[in-house]
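Trainee: Please take me through this structure one step at a time.

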Amino acid sequence: MIIEFEEKMLELIDARIETASDDELFAGGYLRGHISLSVAKCEEQEIADLEILKVHINESLEAAKSELSPADRIIVADLWNELQNA
């Protein structure tokens, strides 16, 4: 189930490439890394619960927030929220 979620998120990100702004392309690439790393972490811990995966992704984004400017954090957070509701 987690792999399917990852595939869906990555497909949604990829589907935006042709029409995305530079900021959206950045946010998509940034999120891809956090999603994939969090999925790998869950697999390693034998976690199959999507809600726990989402918590890991949110924690990963929070831990790395100093990497981004405040404006970029908003762009990434907005895209993440949008993807979760898709």
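Mentor: Start with the elements: helices (H or I, at least four residues) and strands (E, at least two) are DSSP runs, numbered from the N terminus. This is a predicted model, where local features need pLDDT of at least 70, side-chain atom pairs need 80 or more, and totals for chains, interfaces and linings use all residues. Residues count from 1 along each chain as its sequence is written, and side-chain values use heavy atoms, without hydrogens and water.

Trainee: Which element gives the largest share of the largest nonpolar core?

Mentor: That core has 20 residues; a core is a set of buried Ala, Val, Leu, Ile, Met, Phe, Trp, Tyr and Cys joined through side-chain atoms within 4.5 Å. Those with the most contacts inside it include Leu31, Leu53 and Trp80. Two or more residues come from each of α1 (2–15), α2 (22–44), α3 (50–63) and α4 (70–84). The largest share, six residues, comes from α2.

Trainee: Which residues does Leu31 touch?

Mentor: Leu31 is among the residues with the most contacts inside the core. Leave out residues up to four places away in sequence, and count heavy atoms within 4.5 Å as contact. The partners of Leu31 are then Ile13, Leu61, Val76, Leu79, Trp80 and Leu83.

Trainee: Are α1 and α2 roughly parallel or roughly antiparallel?

Mentor: Their axes come within 10 Å and cross at roughly 175°. Axes are lines fitted to C-alpha atoms, for helices over the stretch in contact, with angles from 0 to 180 degrees between N-to-C directions. Under 35 degrees is roughly parallel, over 145 roughly antiparallel, 65 to 115 roughly perpendicular, the rest oblique. The two helices are therefore roughly antiparallel.

Trainee: Which residues of α2 meet α1?

Mentor: From α1 come Ile2, Ile3, Glu6, Met9, Leu10, Ile13 and Asp14. They meet these residues in α2: Gly28, Leu31, Arg32, Ile35, Ser36, Val39, Cys42 and Glu43.

Trainee: How far apart in space are Glu43 and Ile3?

Mentor: Glu43 is in helix α2. Its relative accessible area is 43%, so Glu43 is partly exposed. Glu43 and Ile3 are 40 residues apart in sequence, yet their C-alpha to C-alpha separation is 9.0 Å.

Trainee: Is Phe5 buried or exposed?

Mentor: Phe5 is in helix α1. Apart from residues up to four places away in sequence, Phe5 touches Leu50, Leu53, Lys54, Ile57 and Trp80. Its relative accessibility is 9%, so Phe5 counts as buried.

Trainee: What separates the C-alpha atoms of Phe5 and Asn85?

Mentor: Along the chain, these two are 80 residues apart. Between their C-alpha atoms, the separation is 12 Å.

Trainee: Which side chain makes a polar contact with the side chain of His56?

Mentor: His56 belongs to helix α3. With a relative accessible area of 12%, His56 is buried. Not counting residues up to four places away in sequence, His56 touches Ser38, Lys41, Cys42, Gln45 and Ile47. The polar contact, at 3.5 Å, is with the side chain of Lys41.

How values were computed. Buried means under 20% relative accessible area, exposed over 50%, partly exposed in between (1.4 Å probe, protein chains only). A polar contact is a pair of N or O atoms within 3.5 Å; within protein, one must be able to donate a hydrogen and the other to accept it, and residues adjacent in sequence count only if both atoms are side-chain atoms.
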